[in-house]
Amino acid sequence: LSFAFRCAARGIVSKENSIAKFTIDFKGKTERSFHLVQLHAHVKQSAQLEIHQLQNTSKNECVLLRESISQAEKSVFKITTVTASGTWVRNELNIRIEGQHCESFLSGAYFPKQDQLIDNHTFVDHQVANCYSNELYKGVLFENGKGVFNGKVYVHVDAQKTNAYQSNANIMMSDNASMFTKPELEIYADDVKCSHGSTSGAIDETALYYLRSRGVPLKAAQSLLVLAFLAEAIAEIEDEAIADDIRNRLEGWLHRHEH
């Protein structure tokens, strides 16, 4: 059997006081292939950088995405990663906060289906004081799909006044689905506010019953609840055009899965 290997590397430099927004669309191919994609970005002083990623690869593809981000003083970095499908998808995100008064926002949504594995690994490295990070990943797992979330926040001894928050939540739509989640905090400073947590469970039966009792079909009711559950993961996107595009794609992907 033929097998294609592809490798790509990209770099982004956000200049001081600049504002930049990128939408990266990963579209599937029919051939058997492995994609290695590397992205390096440096967000300079007082710059703002947003990256929104949409991954919808085919059942024949495997993707390894490695992203390395560094932030200078007073910079803001936001990233949203939505993974609809892929035989094996691993997203590795490494953020180094190197200047004070930075803000970092990480969010993701993923929904593996039959024989798919979607794997998100994040590392937020708080090296200096007076910085903020917020991380929220949400998953909906169908059939025998598998999901992984391994997120780590590291707070150095000099990184006082750090505020760092990390959350992972999942809905299991099937008894055969599997979720492996491991949020981590490693803190060496004593004047910080940090929290992490993870939940995995079935869809809200009370809410489902409420919709069904008002004439909403089962599949449509499930889709409404799933979309509401995932909405928070893209709430940080301030550009309404981008946010609406992602919501529309989510609705379309879920609707196709119903059938």
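Residue numbers start at 1 in each chain as its sequence is written, and side-chain values rest on heavy atoms, without hydrogens or water. Because the model is predicted, local features need pLDDT of at least 70 and side-chain atom pairs count only at pLDDT 80 or more, while totals for chains, interfaces and linings use all residues.

Empty space comes first. Rolling a probe the size of a water molecule over the atoms shows where such space is left. The search runs on a 1 Å grid over the protein atoms alone: a cavity is a set of points where a 1.4 Å probe fits but cannot get out, a pocket is an open set with protein on both sides within 12 Å along at least five of seven lines, and lining residues have an atom within 4 Å of a point. Points are joined across faces, edges and corners, and a volume is the space filled by probe spheres set on the points.

The largest pocket has a volume of about 360 Å³. It is lined by 19 residues, of which Ala 8, Ile 24, Asp 25, Phe 26 and Val 37 are the closest to its centre. Two or more lining residues come from each of β1 (4–14), β2 (19–27), β3 (33–43) and β5 (61–71); here strands (E, at least two residues) and helices (H or I, at least four) are DSSP runs, numbered from the N terminus. The most is given by β3, with five residues. By class the lining holds nine nonpolar, four polar and six charged residues, where Ala, Val, Leu, Ile, Met, Phe, Trp, Tyr, Cys and Pro count as nonpolar, Asp, Glu, Lys and Arg as charged, and the others, Gly among them, as polar.

There are two cavities of 30 Å³ or more. The largest cavity holds about 40 Å³ of space, and the residues around it include Gln 53, Glu 67, Asn 91, His 121 and Tyr 137. Strands β6, β7 (88–97) and β9 (117–126) each give two or more residues to this lining, with the largest share, three residues, from β9. Six of the lining residues are polar, three nonpolar and one charged.

The second largest cavity has a volume of about 30 Å³. Strands β6 and β8 (103–110) each supply at least two residues of its lining, which divides into four nonpolar, three polar and two charged residues. Among them are Lys 78, Phe 105 and Glu 236. Lys 78 belongs to strand β6 (residues 76–85). At 9% relative accessibility Lys 78 is buried (under 20% relative accessible area; exposed is over 50% and partly exposed lies in between, with a 1.4 Å probe and protein chains only). Leaving aside residues up to four places away in sequence, Lys 78 touches Leu 49, Glu 50, Ile 51, Phe 105, Glu 236 and Glu 238, contact meaning heavy atoms within 4.5 Å.

Lys 74, in the loop between β5 and β6, has a positive phi near 65 degrees without being a glycine. Asp 115, in the loop between β8 and β9, is not a glycine either and has a positive phi of about 65 degrees. Lys 74 is partly exposed at 45%, while Asp 115, at 53%, counts as exposed.

Another strand residue is Met 179, in β13 (residues 178–187). Its relative accessibility of 16% makes Met 179 buried. Leu 141 is 38 residues from Met 179 along the chain, and their C-alpha atoms are 7.9 Å apart. Leu 141 is also one of the residues that Met 179 touches, as are Tyr 110, Phe 149, Met 172 and Ser 200.

The cysteines come next. A disulfide is a covalent bond between the sulfur atoms of two cysteines. The structure holds zero disulfides, taken as pairs of cysteine sulfur atoms within 2.5 Å. For Cys 131, the closest cysteine sulfur is that of Cys 102, 4.6 Å away and therefore too far for a bond. Cys 194 is in no disulfide, and its nearest cysteine sulfur, that of Cys 131, is 12 Å away. Cys 131 is buried at 3%, whereas Cys 194 is partly exposed at 23%.

Last is helix α2. Its 14 residues (218–231) should span 20 Å at 1.5 Å a residue, and the end C-alpha atoms are 20 Å apart, so the two values agree; the expected span is 1.5 Å times one less than the number of residues. The buried residues of α2 are Ala 221, Gln 222, Ser 223, Leu 225, Val 226, Phe 229 and Leu 230.
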